[in-house]
Structure formats: structure tokens, C-alpha cells
Amino acid sequence: MTLEHEVDRAGDATRERRVLERIEQLRQRKPKVRDERITLAHGAGGKATHALVEGLFLEAFSNPILDELDDGAVVSVAGGRLAFTTDSFVVSPLFFPGGDIGDLAVNGTINDLVVSGARPLYLSAGFILEEGFSVADLRRITASMAAAATRAGVHVVTGDTKVVQRGRADGCYITTAGIGVLERPVTLGTGQVRPGDAVIVSGPIGDHGVTIMIARGELDIEADITSDTAALHGVVGALLDAVSAVHLLRDATRGGVATVLNEVARAARVGVVIDETAIPVRPAVHGACELLGIDPLYVACEGRFIAVVDGAYADAAVAALRAHPLGEQAAVIGHVTDDPPGLVLLRTAFGGTRVVDTLVGDPLPRIC
Amino acid sequence: MRFVNEYRDAATARALAARIAALCEPGRRYTFMEVCGGHTHTIYKHGLEDYLPETVSLVHGPGCPVCVIPMGRVDDAIAIAEQPGVIMTSFGDMMRVPGGRGSFLDAKAAGADIRMVYSPLDALRIARDNPDRQVVFMAIGFETTAPSTAMTVLRAAREGIDNFSVFCNHVMILPAIKAILDSPDLRLDGFIGPGHVSAVIGCRPYEFIARDYGKPVVCAGFEPLDILRSVHMLLSQLAEGRCEVENQYTRVVPWDGNPRALEAINRVMHLRPYFEWRGLGFISHSALRLREEYAAYDAEQRFEVPGVRVADPKACQCGEVLKGVLKPWECKVFGTACTPETPIGTCMVSSEGACAAYYNFGRFTRRRVMEATRV
Amino acid sequence: MCLGIPGEIVDLHAGRDDLATVDVAGVRRAVNIGLLDKDEVRVGDWVLIHVGFALSKIDEAEAAATLEMLNGLGEAYTDELRALAESDIT
């Protein structure tokens, strides 16, 4: 190689570094809502949702508790610590294999409290009903809500009903709030996450999202897959009883495991490295995802959670989870590193590596 | 999964990688283009580049149908979707592709009835179920997808479903490859041929690439071992001084393609004189439209189509990036006017486009990623 | 482009000779087989599925040959490595 080439190369490297630095600066800027209208992407849990939450809601409501952006808020009241959360359920279809909007609402609200480290106590339930909605269906939904609440030992203690004109809602929407009490001396949160921690998933991923996609009937697909909707108080309790060095819990709902891990990596300024061969996925979920060209890592679960645990206690944590029926297939899927901060990396089954990015919107079936 | 898992074996990949490295002449750099976006997806999804020596680079080609759709066509489709009584349908891939004034998702948010389908037959079913509505299928894709659209039009004609039409944007891969080959500053050593396009057109149509342009072609399957093996076959050709079309994907691709699929295309569609490609400009005889006999099913005939032309911004250098002449960061608008949130060119549109991938992950060199993931 | 997934034909629809049910890892869907030679499509055949159509039949003999070739490349290489490790020219 001639000297001129060497000089060229060095100049190139400098220019490339400048371009990358400019991008990094852009990336560090607070997300902005550029869109003129809300699209479905804003509700999908990916980049568009982040922009909406951080660029619009946080701007309006910012305070130290909300700024944590956890699944539930932990507040100190009269010398004790309470977990407080709210959630809305707009699933279509309302009834699907493995559950319905009713138990989904109760379980989902409980899980937001449970992953804050709390014992769930009380729920609220607000119903937005469409004119013409079947009372028999509503009865079915409330019955399954009641059953789910009883199973978890919580009570629905307050509620509200609104009816809107036909066409202004899709049958039935449910909005909930939940209160729980933090009895254990644990502090969970992205602030606790350290390099060397193990990343654990409590069971096979993607069951709920794929069930819903199939249940909508638009794809004409049949498979024996049921939603994993479940209340996680028992299995999380088993984990916290066995291991005190739990640093973070998150239920892997909207946006799936990939989205949760990206949130953790970003908030804790750490890298997360996961191993594809270790991630439990049911064969039929894998098949449906291959057929539709989507990645199970981004598909929602409703009864699975991610636990970040001190690496030394990983085996104990997995053993405790596997002893519980909702954690039978729990597995260590990766670990926390110091480099590269803010990024989730996947070691593929094929033996390569890739970055697992946050999605812009929903994972859409693709043909290309 | 059969015919999938066995082509993802890491131990075989390691052995193949060693053979690939052994075939590389010291000091020589090799650049191959994987023409097809599906290959790009496989390469990215499995982290396949970790198995290639630093002297072998893969350039992502023009074979991503949503990436090459010009903005004007998206705007035209949205104009159709906004007409009263219309249900617009398309594949999930299409939903986020930006036109001059937003994407399908944006138009849907603004009130248009736009639905995602998995198959053109699903669009036909929607037409059957909604006889009082006009159902339009936004057809995109290469020769792989065109036969399905053609079969659906034939079906509609047979059943007399007259509220169904196709907004045809099917494009052909060979004219695009030829446009790239004709570029004077081309720096490619060979092509990884599009396997599923080849399942329809066969391998014979690529022969001019080897004969007239002196570049080897290997039609490749879509599992990671298929692609590694194809790189190995290309390097073997170069090492042995051969230059020919080879078929690695013999389990799916017959040398002469699928005559039934070709016949379906020919019955229903014919070549447009020219078509605009995002990033590559106008390419003659590079796209399909419906024949006169099927004009009743042609959305371009049935609806007022504004025929919007949104010129690719002058500063956009996607064409050069596609040809492997420029690295993404060397483009004038990269990272300033053109970002994943506000894409200008085709390479930034899809998350696997060369520029989008570089924008998101360029700061992490492969070496750094590999070191971070070492056990 | 062009996502194509292998599936096994588990049922041919009576009365609709252009339809078949395929199975992909336990997931089933009806696909159109109008692009294939109908006389050569049987239950148990594997096909490549693209946008709801079977685009081509998967040739099992060719698939086996490709795998054999890949595995052969792997084994031969392992043998060479072993030979290299065992060779002693001192």
C-alpha cells in the first residue's frame, strides 16, 4: 500500500468518526413527537411509544416518581411503602384461547404491582361499553375477572361504567388501577442493575401475542397455542423468598422481551448480552413466527417476566422458579455487561452476533 | 423445523468459514452483492458476517420491494385509499413505507380504511365479504410475488368479483441488476442470486451476468448455511478462474424455474415501458402492469390516480451505496437530513437497509460486538 | 425479499383442487397450490410457501445432497485439523 493510501485511510477514519459522533449527539437528544396524528405505532411499546411518553406525557406530568417510568409507582404513605399502577385493556378479540379481556385485565394489573416487589391488595375496574354490547358477554368477562381476583387474593373495590354510542368503541374496554403493599425489604429497579448480573426469563416467550394474532382470524392460521395470561404473585414470591439479590423484575408484555431488555440497558446504561439457544420458545410459536416473518423476542407475553439477579445467585433463582408451576421452563438467557452501554446483543444459535434493537412500532407480518 | 434447522448448524458454519478464509488471496478484498432483501435479513438475523474474513464484504442489493417503491407510488396508493368506499389492502411490509406525505399507517390514522393482509387471496376475500365497497390490493414484490397476484386476478375474473382491483407495483430483478452492472464505477466481484425469485424464473436468465459482465452468480437459499456456502462457491469460482451461474438452492430452484408461475404472470401482466425505482431512478422494462384484458381489475384504470412524482432528493446517494461505491457514512445527507425517523433514500427506509443498519449500529464495530458477547 | 417457509402438506381439500392444508411446526394454514403441477402433489410432500401460495415443491433428494455436501465440507475440515495437530515434523 502506498503512503497516499495510508493518508486517505486515516482521513476517512476521522471523517467517519465525526459522522458517528454527530449521530450519537442526535441520539442523546430528548425524543420528540414529530407526528401530526396518533398512529397504531404509538401504542405498540416501541420507539414511537417512547417518544410519546417521554416527549409528551412526561413533559406535562414530570415528577421524581413518574420519571422512573417503571411499571408501577412506589410511594411512601404513612410510614409504609405502597405500589400503585394503572392499565387499560383493549384486546381484540375479547375472548381468546387461554383467557379473555377480564382475566387479562386482572392478571396484568396484578403483575405490574408484583414486579414492583409488592403484594397486590386492591383493584379498580372501569368499563367502557359500546351500545349494543351483549350482556351475556359482559357477564362472562366479569365472572372471569372475579375468578382471577379470587385466585390472587385481591379485591375489586371500586369501579365505573360508561356506555358510548355504537361504533365509538370495540365492544368492551377495561381500565384498571391497582394498589399493593411492599412488605419485603427489597429495592427493585434499573438503578440496581450491575454488570455481572444474570438475566432470567420465567418461561417460554411469545405465547400471548401469537395467540391473539391467530385468534383475530385475519391470517387464517390454526395452531394449538394458548395465551399465557396468569397472575405472577406466586412465582415472584417464590423467587423473592429464595433469593434476596434480585435487582429488577419486569413483566414482558407489550413489545416483548426485546423491548424490556432495551429499556433496562438504556436506563441502567449497561449492555445486555443474551443467548438465542437459551431462550425458551414453544415450537408452534416458533413456527407461527417463521411463517409471519416476525421475531418472538418482540412478541407480547402476559404471564412471563424478566428477572435480573446477582450472577452468583442465578442457579438458585432458576431453581426457585422451576419449582413453581408458572416457572417450570425458567432459564438464564444472558447477562449484564458494562460494554456497550445501552445496547442489547444477541449471540445467535448459528454462532454469530447481532444487535437487538427497539422496534419502531408493532411487529408486522412481512413477506419480504 | 425441517429444511430450516439443519441449515443453521454452528459447527458446520465454523468449518465452512475456515474454508472461505483459506480461499481468500492475501491482500485481496472481495465484495459480493446479495441482491435480495431476504438474504440481507438472514445475514443480519443470524449474525452471519462474524464468519466472514474482514476482506470479504457483502453489499446489500436492490431486492427489497418496499425499499425501491418510489414515494410518488405510495402517495398515489394513499390517494386511491382516500376515495370514498375504498378498502386498501397490502402486506405488513408496506404499512410503514414513507411516501411524500406519510405512510399507510399515517393515512389509516387520518381515516382511510387500510388493512393488512397476508396473501392477495385475503384481499379478494375482503372484496367478496364487502360487495358494496371497492377493495384495492397494493401489489408489491418481485417475480416471487407476482404469480400470486396474477392467480388472484384470474380467480377474481373467474368468480366475477368486480369490486376487486390491483394497484400493481410488481418489479423485476434483472433490469435492476443490469442497471447496477452498467454503472461505470461498479466494484463487485460477484452476486449472491435471489433464491425465491429464481424459484419462479430459474437460473438461466442470469447467464448474461457471467457471460457479458464477467461476474459469477450463485443462486442461494435463505438459511445462513446456504449463504455461507454460496460465498464459498463464489470464492471457488474466482480462485479457479471460472465465471458462471451456479445453483446452491437446488432443493427449491429448478434450473428452468416454475413454468406455471411464469405463465400466470404472462397471462395477466405485461412489461411497463419504464418504472421509477427509489434510489436507482427510471429503469426501462423493469416493472409489470395488468394487461388490457384485465383492465377491469387494474386500479390505475378504475380510479383517478394523481400520478404523483416525488423526485428523489438530489443529495441522496442511495444509488452509489447500493452499487457499493460509497459507504453509508460517505453520503452527503447521511445522519443529517436522512435518518431512520426521516428517511430520504431507500437504504434508510427498511431497518435492514445499509444506511439504517449503519446509523443504528455503526458506532459498534463488529469487533467490539464480538468481544462483548464472548463467553 | 420474498419470505418463503417450508411446510408439509397434511391435507388436500376435496372439491377444491387448488387448496391444501400445510403444517409448519404445528401451525396449519390453507395454501393455494395452483402454481404446482397438481398431479405431482401428495400428502406428505413439502412445499415452499410464499404469501399463501405454494411456490415450489421441495426436492428431498436435492436437500439431502446439499446437506451431505455441507456436512462433508465440515468433516473433511475437521479431519485436516486433526491431521495438522497430529503431524509431527520435528
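This is a predicted model: local features need pLDDT of at least 70, side-chain atom pairs count only at pLDDT 80 or more; totals for chains, interfaces and linings use all residues.
Local features are taken only at pLDDT of at least 70 and side-chain atom pairs only at pLDDT 80 or more, while totals for chains, interfaces and linings use all residues. Residues are numbered from 1 along each chain as its sequence is written, chains are lettered from A in the order in which they are written, and side-chain values use heavy atoms, without hydrogens and water.

**Exercise 1. Describe the interface of chain A and chain B.**

Step 1. Count the residues in contact (heavy atoms within 4.5 Å). There are 50 in chain A and 54 in chain B.

Step 2. Take the buried area, which is the accessible area (1.4 Å probe) that two parts lose on being put together, summed over both. Chain A and chain B bury about 4,700 Å² between them, with 59% of it on carbon and sulfur atoms. Phe350(A), Thr353(A) and Ile367(A) supply 17% of the area that chain A buries here, more than any other three residues.

Step 3. Look for salt bridges (a side-chain nitrogen of Lys or Arg within 4 Å of a carboxyl oxygen of Asp or Glu). The count between these chains is three. One of them joins Arg125(B) to Asp220(A), with the closest N and O atoms 2.7 Å apart.

Step 4. Two or more residues come from each of α1 (3–28), α8, β14 (344–347) and β15 (353–355) of chain A. The most come from α1(A), with eleven residues.

**Exercise 2. Do the corresponding analysis for chain A and chain C.**

Step 1. Here 17 residues of chain A are in contact with 14 residues of chain C.

Step 2. The two chains bury about 1,200 Å² between them, 63% of it on carbon and sulfur atoms. Glu222(A), Leu291(A) and Ile367(A) supply 42% of the area that chain A buries against chain C.

Step 3. Zero salt bridges are found across this interface.

Step 4. β9 (221–222) and α8 (283–292) of chain A each supply at least two residues of the side that touches chain C. The largest share, seven residues, comes from α8(A).

**Exercise 3. Is helix α6 of chain B (residues 120–129) enclosed or open?**

Step 1. Apply the classes: buried is under 20% relative accessible area, exposed is over 50%, and partly exposed lies in between (1.4 Å probe, protein chains only).

Step 2. Seven of the ten residues of the helix are buried, so α6(B) is largely enclosed by the rest of the structure. Among them are Pro120(B), Leu121(B) and Asp122(B).

**Exercise 4. Explain what the salt bridge of Arg282(A) and Asp207(A) connects.**

Step 1. The closest N and O atoms of Arg282(A) and Asp207(A) are 2.6 Å apart.

Step 2. Arg282(A) lies in the loop between β11 (271–275) and α8 of chain A, and Asp207(A) in helix α5 (residues 207–215), so the pair ties together parts that are 75 residues apart in sequence.

Step 3. Arg282(A) is partly exposed at 34% relative accessible area, whereas Asp207(A) is buried at 2%.

Step 4. The pair belongs to a network of salt bridges that links Asp207(A), Asp228(A), Arg282(A) and Arg304(A).

Technical notes. Helices (H or I, at least four residues) and strands (E, at least two) are DSSP runs, numbered from the N terminus.
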